[in-house]
Amino acid sequence: MIVACSQCTTRLQLDDAKLPSRPFTIRCPKCQNIINAQPPVATTEQGALAVGESPALENPRYKQPTPAPAFNPELSDESAEVQAYAQPQQQQQPGAADTGEVMKMLATLLQRGASGKERRPGGATPLAWERRTALVCATPAYREAVARALALENYRVFVAEDSTQAIERMREEHMDVVILEPGFDPVEQGTAFVTREVSIMRPAERRRLFFVHLSASARTLDAHAAFVNNVNMVVNPADIDMLPQTLERALRDFSELYRDFNNAFGVAAI
């Protein structure tokens, strides 16, 4: 270690092995000035200029957040057996099912064009290939049941396991329906974060989102409970099996309510 005298600028060479671990003073041999010195600070791997991985970057908050993944309903054992049995017959005509679906869509479109009943902005009837997107933010007790019920009705369903996945999915892609259970991700206050994300939307964006609460303390379609919780609809978990039908009815009423807005802005109904 090298120290310099502040009075005569004499440079003194000190043995690092003999230095104390606390601040110390020495006398300059040339001018007898007292020099206050600090022990050298050893550079460790945790230093800002250290080479290697930084412990700070290993903190979970610095990990790249991932949006909620898409839900893929698993086939039952019976359905899997039927599919395996029918597989050889399907392989004989590759693409036949896809071609049939395309032909149906084209026929529907031609019929709409010929009859003059093509879909206008604000209409409540979606086309066959237009699938609604839904985000499920619920506890494990109801998460899969809700997602499966919507997936079977041709919804594109995303299931969030925590608040980070829910927020990232909502910011990455527009959701038509968000279903939130009050007990979702209690550790990170998932209910509060998802509700806040909805509440800060601009009015034009909020009208394009149907917000649903899954609450065991309220009756399904309870208008007062929906108003108190600032949501569009309340569903009791006991009625999950009827969720797609109930949601479809509520969405028709919702689209009718905002039909003039949708027509004025040239956007289709949810």
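Visitor: Is Glu 256 buried, exposed or partly exposed, and how is that read?

Guide: Buried is under 20% relative accessible area, exposed is over 50%, and partly exposed lies in between (1.4 Å probe, protein chains only). Glu 256 has 44%, so Glu 256 is partly exposed. This is a predicted model, where local features need pLDDT of at least 70, side-chain atom pairs count only at pLDDT 80 or more, and totals for chains, interfaces and linings use all residues. Residues are numbered from 1 along each chain as its sequence is written, and side-chain values use heavy atoms, with hydrogens and water left out.

Visitor: Which side chain meets Glu 256 in a salt bridge?

Guide: A salt bridge has a side-chain nitrogen of Lys or Arg within 4 Å of a carboxyl oxygen of Asp or Glu. Here the partner of Glu 256 is Arg 259, at 3.4 Å from N to O. Arg 259 is partly exposed too, at 38%.

Visitor: How many salt bridges does the structure hold?

Guide: There are nine. One of them joins Glu 248 to Arg 132, with 2.9 Å between the closest N and O atoms. Arg 132 is buried, at 11%, while Glu 248 is partly exposed, at 26%.

Visitor: Which residues form a salt-bridge network?

Guide: Arg 156, Arg 169, Glu 172 and Glu 173 are linked that way. Within this group, Glu 173 and Arg 156 have their closest N and O atoms 2.8 Å apart.
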